[in-house]
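Biologist: Could you walk me through this structure, step by step, in plain words?

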Amino acid sequence: MKKEIKILAIETSCDETAAAVICGANENSNIEIRNSKQIQNSKLKYPKVLSNVVSSQIDLHAKTGGVVPEVASRAHMEAIIPVVEEALSVAKNKIDDITHVAVTAGPGLIGSLLVGFNTAKALAYSLDLPLIPINHIEGHIYSAMPARVESQKSVKSKVQGIKFPILALTVSGGHTSLTLVEEHLKYKTLGQTIDDAAGEAFDKVAKLLGLGYPGGPEVSKFASKYRNKVESRKSIKSKVQGIEFPRPLINHPNFDFSFSGLKTAVLTHVLKLKAKSSGLTASQKEEICFAFEEAAIDVLATKTMRAAREFRPKGIILAGGVAANGRLREELKARIEKYNSEVEEKFKMNFYLPGPGMSGDNAAMIGLAAYYHIIEGEKGDWRKSEISANLQITDL
Ligand code: KG4
Ligand code: ZN
C-alpha cells in the first residue's frame, strides 16, 4: 500500500508551544526517493506544510520582561495537547494518518524541551511510530529550504531547487551562528556567539530603554522612526556620529560573534544621558535604537560576507527570529547583490529567507528538517533519543 510520509512535528525549546503537520513524497510510490539529492535535482514534490500552529507565551513573559524557565515549561504543559490537536485539525488529518513524529531535541531550555520531547515520545511509543529528534538550529536553517506552504501562495513553491554549499546565518534570541551547509544534513559550524545572542542583545537594549517585550521588533520600530526622519544615508551617518556604538569582533578573522560589549556600550550611553536629565526623550531612544541596530547588523553582515568570500557558497540563508528584521534583510541583500556584481558568474549567490510564518520558533521548520532525515534513511528509535540543552548541530 502506498503511504505518504506525514510528519507531526513538535517544538517547545523556548517560549513558543508549536506543532505542525508536514507531508512529503510517497514512501513506497513508483518514484522511489533514495536520497535528498534526488529531490534537489528532480521534479519530485518538495515537502508541503499542511499546518503550522504556534501558541506564543509572549503575554506571560512580558510581565517579567524575559522568559522565566519554570513559567515557560508550565505554560508548555497547558498548551501542548490543544496545539497538537489544532495542528492535526488544520491539516485535516487524524493522528492515525501520521507516519513519523519529529521533535526538537535541543538546544534550548531543558524544562521546555522536556515537555515537547516527552509528548512526542509518548505519541511515538503509543502509535508505534519513528521519533525523529531535530536540532533547533537545523530547524531554523530548514525554515528557508524550499517547501510548499498550504493556504499561502508561497514564493517558496516557485524555487526550483537549492544549490549547495549554503552559508546559513542563524540569528535568534538564544543563538547566533554561521553554519556551512555542505549538502542536506551536512554541517560545519564556522562560528557562533561567545556571549549574548543577537536577539538577546535586542531584547536587553529594549529592556534598558523601557520598551516593550519582545525587544527586537520594538527596537527595530524605534530605529525606523529615526531612519525615516532623515532623508538620505549620508545625512544619517553625520547625525549619529555622536553615538557610534562599537562593532565587537568585526575585524577578527574568525567567524565568532560577541554582543555583550555592544549592549554594555548602550547601557553606558544611557547612564550618561540619565545623569544629565531624569529620563530619556522619545527621540533620544529612537537615535540609540538606530545606532545599536546599525552596529549589530553591520557585524552580522560583515562576518557573513567574509565567510562567503572564504567558502564561496552558492547561497546564503538568513534564519531565526531576528531574520524578521527588515533592515537586516535589506542590508544582507544589498551586500549579496554588490558581491554578485563583482564576482564571476560561477560564484554568484542566491539569498534564501524563511517561509511565511517561519522566522520565529515554529514546528514546521522541525518537520521540514525531519523530512530530509527520513528520506536519508533515519529510522528514529524513540528509545535511543534524548534531549540536550547544549545540543550541537553536528550531534544528530
Ligand atoms: O527564533 P526565535 O523566535 O526564538 C529563539 O530561538 O530564540 O527568536 C526570538 C528573537 C527575540 O530575541 C526577538 O527579539 C528577536 O528574535 N526578533 C527580532 C525581530 N523580531 C524578533 N529582532 C530584531 N528585529 C526584529 N524585527
Ligand atoms: Zn529559535
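Here is a short talk about the ligand site and some backbone details.

Modeller: Some ground rules come before the answers: this is a predicted model, where local features need pLDDT of at least 70, side-chain atom pairs count only at pLDDT 80 or more, and totals for chains, interfaces and linings use all residues. Residues are numbered from 1 along each chain as its sequence is written, chains are lettered from A and ligands numbered from 1 in the order in which they are written, and side-chain values use heavy atoms, with hydrogens and water left out.

Biologist: How many residues surround ligand 1?

Modeller: A residue counts as near if one of its heavy atoms lies within 4 Å of the molecule. The closest ones are G173, D203, G216, G321 and N325. The shell number is 18 residues.

Biologist: Which helix gives the most to the shell around ligand 1?

Modeller: Helices here are DSSP runs (H or I, at least four residues), and strands are runs of E of at least two, numbered from the N terminus. At least two shell residues each come from α5 (136-142), α6 (198-208) and α7 (215-229). With 3 residues, the one that gives the most is α6.

Biologist: How far is the backbone N or O atom of G216 from an oxygen atom of ligand 1?

Modeller: A polar contact is a pair of N or O atoms within 3.5 Å; within protein, one must be able to donate a hydrogen and the other to accept it, and residues adjacent in sequence count only if both atoms are side-chain atoms. A polar side-chain atom of S172 is 3.3 Å from a ligand 1 oxygen, and a polar backbone atom of G174 is 3.1 Å from one. For G216, the distance is 3.0 Å.

Biologist: Where is P214?

Modeller: The peptide bond leading from Y213 to P214 is cis, with omega near -5°. Another cis bond joins F164 and P165, where omega is about 0°. As for P214, its place is the loop between α6 and α7.
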